There are 4 protein chains.
Amino acid sequence: MKLPQDPQRKAEAIAEFMNQHDQLAVEFGMKIEEVSPGFAKVSMEVTSKMLNAVKLCHGGAIFSLADFAFAVASNSHGRVAVALSAQISYPSPAKEGEILQATARELSRTRRTGLYQIEIRKEDGTLVALFTGTVFVREDKVEDWISKSDDR
Amino acid sequence: MKLPQDPQRKAEAIAEFMNQHDQLAVEFGMKIEEVSPGFAKVSMEVTSKMLNAVKLCHGGAIFSLADFAFAVASNSHGRVAVALSAQISYPSPAKEGEILQATARELSRTRRTGLYQIEIRKEDGTLVALFTGTVFVREDKVEDWISKSDDR
Amino acid sequence: MKLPQDPQRKAEAIAEFMNQHDQLAVEFGMKIEEVSPGFAKVSMEVTSKMLNAVKLCHGGAIFSLADFAFAVASNSHGRVAVALSAQISYPSPAKEGEILQATARELSRTRRTGLYQIEIRKEDGTLVALFTGTVFVREDKVEDWISKSDDR
Amino acid sequence: MKLPQDPQRKAEAIAEFMNQHDQLAVEFGMKIEEVSPGFAKVSMEVTSKMLNAVKLCHGGAIFSLADFAFAVASNSHGRVAVALSAQISYPSPAKEGEILQATARELSRTRRTGLYQIEIRKEDGTLVALFTGTVFVREDKVEDWISKSDDR
């Protein structure tokens, strides 16, 4: 499969591929609501299987949502981007049944690295987590991964 | 249920409770291999449902493992500790079928805060992730949570 | 000395005290341009003594500017706030003679903790650094420190 | 000037150059106590000009020490390495007159990136700060910078 040339349509095609092939995104029921080059909005409902021992949404589930929005935004240009490091702060907890929305923005992008910030908010606007992540941009293209996946 | 007074036995009882009641730990098949006050060793096998779109273990799954070891170590003294922030770096990727082991160490603990470092390694010793986390120590006890859970 | 009751005037009085008594701020010629409860804008010119061995502004000097804006914003309410952890990313380098402006915003504040984000930009708007910091709020008041300093 | 071929002697020559040409290291009186490929130990005395408004060593000064040890360790192989991001936690404060020692260790190094951890301790062993940093490895050599500096 060839990806579209148009940056917006390319970002959409990549996002669709990632939403289907990222197993953790599938497992947690994440939905990509919006995507454009360097940008992604992803939502997820906190379910019972994401709770920790004190009945709050596990930091790992919140991180996973941020991390997926980060991956969609940083791969949207067509080159494979892998996380080097990430930082997350949790100003407010989340509970079962709440809908969380992660918005990933590209703050900087060079040929080999990129910096992204992801905010996770509840529907009422409460900030649940703030995530900052750095990627290393590899030589391979996302397209190559899509092709491999087509082969099977 | 009353927790044992002895610090080591108390840490073990808390760890057992957390391993059963942390839904994400259950979901991902995490096993607490060792625990002592301020310390925890937790292992997990990378399964197909943890893979991202380029067939590597999702950063969110790796983070979840580190985060659970962090939670076990920081709650082991008996007071509820909640994460304020965490940072993770990924020096090396992990693949399906590999066993990851997270070792959480307490670097500092005051009455209200604590600093922990978690290393995640493969069986051959390769460092997959380095995680640093800060907790805020709440007034409530882990025991109270265990009691609530007994009631049901 | 008693601090004003009015939140805005209190924040200004604290900022003025900090700008005079923070020795690193004095050393680096930092200027507080604006302050309000939970907010601070601080500027600094990159001088020759801030350069590293490859003639770029030292990460430590950039961090110091962010950290001071963070301190002014987080102490502006009147209680002493101390940094627990901070994270900084450097999307773009800074050079001698450039003016850097740090803008600190409060993202969250509870009775005992607070989360702040600081952006450092050049005059042309280029993002030089993004800083996220968490404070622990102590029992003592900034006022007590101002009084001690008056005594001498 | 040509750098020695031997890795240890090369690391020492680079460290010496950096200790002389990093203006912030000079300003703060930092001393490189030990260096080897991927490793550095640097000490600094907390002086009055490093204090914040509550008479503790400024986070920016502590960060600067860690950052310099990080720079020495990450440039020790001969290629210019620039910081992409760093995280610091402050388990314990430092005061005027105390000697701080930063030990930087290379946890991972690929052709284009590197991960380092720096511990800052007092002479009595107290952990003052824990720093984790990621570098991007540029194409240019430290040698080129040493040559340029010779020309003047």
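Two residues are in contact here when they have heavy atoms within 4.5 Å, and by that rule the meeting of chain A and chain C takes 11 residues from chain A and 11 residues from chain C. The model is predicted, so that local features need pLDDT of at least 70 and side-chain atom pairs count only at pLDDT 80 or more, while totals for chains, interfaces and linings use all residues. Residues are numbered from 1 along each chain as its sequence is written, chains are lettered from A in the order in which they are written, and side-chain values use heavy atoms, without hydrogens and water.

Between chain A and chain C about 920 Å² is buried, with 65% of this given by carbon and sulfur atoms; buried area is the accessible area (1.4 Å probe) that two parts lose on being put together, summed over both.

On the side of chain A that touches chain C, at least two residues each come from β3 (79-89), β4 (99-109), β5 (113-122) and β6 (127-141) of chain A, where strands are DSSP runs (E, at least two residues) numbered from the N terminus. The most is given by β6(A), with four residues.

Turning to chain B, a rotation of 180° with 0.0 Å of shift along its axis superposes chain A on chain B (RMSD 0.0 Å), by least squares on the C-alpha atoms of residues with pLDDT of at least 70 in both. That is the relation of a two-fold axis. The C-alpha of A:Q87 is the one in chain A nearest the axis, 2.1 Å from it.
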